[in-house]
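Please look over the sequence and the structure before reading on.

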Amino acid sequence: MIIQNVRITPVAVPDIPLLNCKGVHQSVFLRSVIELVTDTGIVGLGETYGAKRTLAGLRESADALIGLDPFHLNDLRSRVVQALPAGGGVNAPTAVADHQLVDVVSSAFEVACMDIQGKLLDRSVSDLLGGAVRRQVPFSAYLFFKFGRLAGHAEDDRWGEVRTPDALVEEARTLYRENGFKSLKLKGGVLEPDLEIETMFKLREAFPHHPLRIDPNGVWTVDTAIRIGKALDGVLEYLEDPVLGIDGMAAVAREVPMPLATNLAVIEFEHLPDSIAKNAVQVVLSDHHYWGGLRASKHLARLCQAFGLGLSMHSNSHLGISLAAMTHLAASTPNLNYDCDTHYPWMDTDVVTGGKRAFRDGALTVPDGPGLGVELDHDKLTELNTLYEASGVTDRDDTNEIQKYIPGYVRKVPRW
Ligand code: GKR
Ligand code: MG
């Protein structure tokens, strides 16, 4: 069995104005949907970023996949490496971290190959990854400050403006009521640090038994981060990326009482030795989209176990193919001991048949059925591809976007 055809479809998915330290989400987020078709007619699905560098990398390596045996994942990686000699990163310059194109591209194709393997063998991707150790995968509520409405729109979206501690707690109550999440993460780095401390205390009061996290994406100075970490003693299960860089994280880790987590300081295997030597990070957020795939994420899990590090899971905005892949990976990773992040509740549509998945008690059941256990809704794919073409958006730039709301806004990292 070999790959005979590679289809890559960019899609734009309606989004809402969620705030972060770089700016605000655009009116759409971009994803690439991958279909690998075998000579026996099996179609394997994958999903990854849709911004221009990733899309170009996927397209440039597509031809190299023709003739690949979908079980030969080492060969897959070599073909992608050869097809993308320039390598490089995938993110826009205003992002706070970058990811290797080769890892991103080979991961997206690996997921699709494993979907094919599962469909051929009538086994799930979690079975291929060693078997599920949990049938229910818990996710954390991902709380955002936000503008009330998209730039240029006349009316607020259903969440309205969330730019105060009290409004954030109301948002958390709604997300909890609708999804039952058992832990809460705040995307911080948006309001003045003291307001974000107040927000965490108000969340603690409203949700006395929920583990809490805050993630300002590295926008605080070391001094600010230490002050906040000490102020939130006993409130947080972990503090995520308070500052940028391994040395900065190590300086904060020496002074604050809680573990530090990251999806910015340690994002490649090569970052682990320095981080471990300096005890910069105590929890690593895995993400198969940039750690090089599902199997690479399992290697990361074993290394975390060996070095006594906690393991959690990072998320960007994504659709149901990625959600299925994340769920299979989390289900089959014994030491994934924190609830996974997901942006999924923030959007209203999906490209998988059956539409948007629902969380029950904050968790998702590992999809049944062979492979990833999801199928593509081709009408939806066409609709979102048409939106991609019409939107004119080809890259993610939250800083450029926020200037539509706050003229003259300047990206500053660290800001406080
Ligand atoms: O989408 O605004 C956002 C997040 O800030 C995202 O870009 C991050 O990658 O959620 C992410 C995180 O840092 O954990
Ligand atoms: Mg983070």
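The model described here is predicted. Strand β10 (residues 238-240) holds E240, while N263 belongs to the loop between β11 (260-262) and α9 (272-278), so the pair ties together parts that are 23 residues apart in sequence.

Buried means under 20% relative accessible area. E240 counts as buried because its relative accessibility is 0%. N263, with a relative accessibility of 5%, therefore also counts as buried.

**The surroundings of ligand 1**

Ligand 1 has 16 residues around it, of which N20, H25, Y142, N217 and H343 come nearest. The side chain of H25 places an N or O atom 2.8 Å from an oxygen atom of ligand 1.

Contacts with oxygen atoms of ligand 1 also involve K187 and H314. For K187, a polar side-chain atom lies 3.1 Å from an oxygen atom of the ligand. For H314, the distance from an N or O atom of the side chain to an oxygen atom of ligand 1 is 2.9 Å.

**The cavity**

The count of cavities of 30 Å³ or more comes to 1. The largest cavity holds about 660 Å³ of space. Its lining consists of 39 residues, and K22, N91, A95, N316 and R396 are those nearest its centre. Two or more residues of this lining come from each of β4 (28-38), β7 (141-144) and α14 (398-402). Strand β4 gives the most, with 4 residues.

Which classes of residue make up the lining of the largest cavity? The lining has 13 nonpolar, 16 polar and 10 charged residues.

E47 is found in strand β5, which spans residues 43-49. With a relative accessible area of 4%, E47 is buried, because buried means under 20%.

Which backbone nitrogens lie within 3.5 Å of a polar atom of the side chain of E47? The backbone nitrogen of L319 is 2.7 Å from a polar atom of this side chain. The backbone nitrogen of I321 lies 3.2 Å from a polar atom of the E47 side chain.

Terms used. Residues are numbered from 1 along each chain as its sequence is written. Chains are lettered from A and ligands numbered from 1 in the order in which they are written. This is a predicted model: local features need pLDDT of at least 70, side-chain atom pairs count only at pLDDT 80 or more; totals for chains, interfaces and linings use all residues. Side-chain values use heavy atoms; hydrogens and water are left out. On a 1 Å grid over the protein atoms alone, a cavity is a set of points where a 1.4 Å probe fits but cannot get out, and a pocket is an open set with protein on both sides within 12 Å along at least five of seven lines; lining residues have an atom within 4 Å of a point. Grid points are joined across faces, edges and corners, and a volume is the space filled by probe spheres set on the points. Ala, Val, Leu, Ile, Met, Phe, Trp, Tyr, Cys and Pro count as nonpolar, Asp, Glu, Lys and Arg as charged, and the others, Gly among them, as polar. Buried means under 20% relative accessible area, exposed over 50%, partly exposed in between (1.4 Å probe, protein chains only). A residue is near a molecule or strand if one of its heavy atoms lies within 4 Å of it. A polar contact is a pair of N or O atoms within 3.5 Å; within protein, one must be able to donate a hydrogen and the other to accept it, and residues adjacent in sequence count only if both atoms are side-chain atoms.
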